[in-house]
Amino acid sequence: MDAKSLLRDCLDRYVFLNPDCVPVEGYAASAVYDLTRGLISTFPSAYFPFFELFRARRLREIVDALAPEERDDFVEFLDFLMEHEYVAVVDDAASFPEISQSWDAPCKIHNAIVDVRERHHDYRKIIAELDALGCQHLQVRGYSKLFGLTELAELARLCRDSSIQTLEAVLAHDPAVRDDDYVAVVSANRIIASLVVHSADGDRQLVVDYGARGAAAGLVTMEIQLTVKPLESHLDCGHIARRQLLPPSTQTFNELHHFNGCLNRKLSIDEGGEVRNCPTMRGSFGDHRAVSLADVVSREDFRRVWRARNDEIQVCRDCPYRYACTGCRALLEDPDAGDSKPLKCGYDPYTDSWTDWRARPNAAATLTRYQARVHLPILQ
Amino acid sequence: MILVFSKSGDPSTLDVMRWIHHLSPARVVRINADEEYHVELTFADDDFLVRVNDDEFRLAEVSSAWLRKGGFWFKGLFPAITAQGRPALTRHLSQMLERENRTLRDHFHYVLRKRCAVLGSAHGSTPNKLVVLEHARELGLSIPPFSVSNLRSHAQSLAESDRGHVTKAMSDGLYLFDTTESKTGYFTYTEALGPQSLEDVGTRLAPSFYQQYVEKAFELRIFFLDDQFRAGAIFSQNDEKTKVDYRKYNNERPNRVIPFRLPQEIEHKLSLLARRLDLNTGSFDMIVDRRGEYYLLEVNPVGQFGPLSEKCNMAIERMIAERLIANER
């Protein structure tokens with residue numbers, strides 16, 4: 001059905017927005033988050049008030065109130081909503097309640113990052129304590145060859161029978177390691193959900209199929225990415241472009257209404273062994289060998305940044321993507337303002353345009369300021 | 001202590017156990033029906049002493065048990081016996097041992113139910129689909145008319161009638177991931193009955209189940225735990241791929257699953273049906289036609305509630321965890 005036939009046949013019914021399609025108002029552009037299909041589409045914010053009208057009035061009342069010159073735009077908007085299957089036409093929507101907006105997860109820490117450059121950490125202690133906190137996902141980032149494939153296999157072994165479900169690794173390329181070796185370690189450790197090898201001699205993907213064949217192989221295959229790009233430090237993190245947006249789901253969408261999408265229930269061990277909210281955040285909570293992670297996590301000053309919602313951040317609060325964006329609280333456009341938007345975000349909600357954040361005035365100078373206060377000297 | 005009987009790799013078991021660990025210090029022992037393990041078992045003085053691998057417990061310590069997946073979990077207790085050169089005796093002995101095993105199992109379940117709060121159906125059994133339909137009809141729930149026949153002529157007349165019909169397994173459909181030989185998956189679905197279904201079929205065929213096709217407005221997947229219901233509506237009708245069976249997913253445009261408020265009358269009848277079937281948890285599948293009539297299709301005591309819980313944010317895993325820790329002292 002299209003908008004024209006809707007306006008012909010269904011004038012005495014209500015346009016019903018499916019509860020898994022949620023409108024989010026932004027400044028210039030607004031969005032519909034499709035929580036089932038994991039997609040976001042945007043439209044000019046001028047149309048946003050229609051959603052309120054759909055709930056309150058039959059189609060006929062809405063159409064009758066339109067000025068003649070608004071009619072074509074309204075038809076176009078209805079077509080947009082129908083084409084994406086965001087709406088249905090109903091006589092009574094009372095049987096379809098909204099999806100609950102509450103959010104919780106069965107863990108004290110949901111995910112953790114461990115950075116390694118010049119020295120190893122006490123991985124056994126870290127994993128045991130993350131397990132006690134219910135941590136589900138672990139990412140390890142190796143800036144140098146010190147943390148290599150052997151160490152990854154050992155870490156995967158430590159994670160076995162713990163709460164950790166997936167292990168992501170970013171390793172520095174080691175010319176002594178053959179491509180087959182990477183495949184062998186990933187094949188032997190199903191817990192390794194992703195492996196990126198940086199500073200490689202060429203860009204390529206290595207396919208791991210775990211021995212599955214036919215249609216089943218498509219379900220289980222994963223790819224190891226080798227890239228020539230280097231990973232120099234934790235300052236390389238925090239980029240926000242279209243492709244970094246989270247495909248919306250009920251869980252992430254709700255979580256971002258209450259919490260910060262990156263830092264909520266996250267814990268990190270930086271390359272110096274310090275416990276932080278994220279390796280790039282200021283404020284250490286002590287050396288991981290000297291403190292208990294559970295004690296750190298129960299501290300109010302550790303949990304405070306979890307609640308840094310995009311709704312309370314300058315500019316972000318006007319952004320239609322604010323419930324799909326993990327944001328960044330470590331690298332800010334204005335390092336002196338606690339509620340400043342992320343430095344590396346390329347979106348401007350006032351003009352609805354994406355640009356390269358590096359092209360903005362002061363961006364380079366701000367990044368230099370951050371580089372100057374890196375917690376440890378960066379040694380190549 | 002909480003006892004969980006399941007299968008390895010069941011995602012819902014993992015999620016519920018995470019909630020238990022998050023909400024309570026209760027000890028949890030999980031036994032997977034599909035894994036190899038050693039069992040030591042002694043029954044005496046109205047109690048079981050059980051040791052599975054490294055986990056030892058007495059039944060008296062168990063406050064709740066969750067029979068999530070699997071049949072009998074204490075496997076390999078009776079060794080296989082072969083009487084050399086005597087196949088009839090061998091067959092008889094193995095049948096006898098099977099009866100011994102079943103008697104032990106039934107007694108274990110009896111004592112388990114007497115001693116602690118058991119969630120889930122005994123021995124992981126699926127209620128007889130046809131009997132469920134009879135019960136539903138007796139309780140005043142509508143069901144699409146069904147028939148069973150081994151005659152080609154019966155199928156032929158249904159296929160030629162004005163009303164559409166579907167056919168599916170009377171028990172459970174085929175659902176197999178073969179990880180050893182062909183390394184592929186085998187599934188059967190609910191299929192529409194058409195003239196092509198009867199090609200190469202003789203006058204007699206295996207007894208087959210036929211059900212009148214209901215033009216649905218939407219489907220309902222209804223999870224229940226005791227008297228609590230959580231329903232989701234699945235809009236599968238707009239899509240040719242999922243029209244007859246929504247499990248034939250359309251990956252590009254997955255069907256929407258949205259929360260649904262069940263009419264009290266339907267909820268009440270489903271509650272009575274669950275009680276008749278002696279089920280304290282499970283999932284009902286229903287359809288609603290364009291006139292707003294509700295039809296029961298089947299009940300699944302161990303169905304996957306994960307997608308419903310996740311998409312509609314119903315926290316079903318947490319509900320189950322809270323029910324299991326409620327009896328911890």
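This is a predicted model: local features need pLDDT of at least 70, side-chain atom pairs count only at pLDDT 80 or more; totals for chains, interfaces and linings use all residues.
**Notebook: chain A, sheet and helices**

Residues are numbered from 1 along each chain as its sequence is written, chains are lettered from A and ligands numbered from 1 in written order, and side-chain values use heavy atoms, without hydrogens and water.

Next, the strands. β6 (residues 111–116) and β12 (residues 266–269) of chain A pair in the parallel sense over four bridges. Pairing takes at least two DSSP bridges between two strands. Strands (E, at least two residues) and helices (H or I, at least four) are DSSP runs, numbered from the N terminus.

I then traced the open sheet of chain A: eight strands, order β10-β11-β9-β8-β7-β6-β12-β13, mixed pairing. Its edge strands are β10 (204–208) and β13 (275–276) of chain A, each pairing on one side only.

Then I turned to the helices. α5(A) lies across β6, β7 (137–142) and β12 of chain A, at about 170° to β6(A). Contact means heavy atoms within 4.5 Å. Angles run from 0 to 180 degrees between N-to-C directions, and axes are lines fitted to C-alpha atoms, for helices over the stretch in contact. Helix α7 (residues 179–188) of chain A lies across β8 (166–172), β9 (192–198), β10 and β11 (222–226) of chain A, at about 40° to β10(A).

Last, I checked a helix pair. α5 (residues 123–132) and α6 (residues 149–159) of chain A pack at about 35°, axes 10 Å apart.
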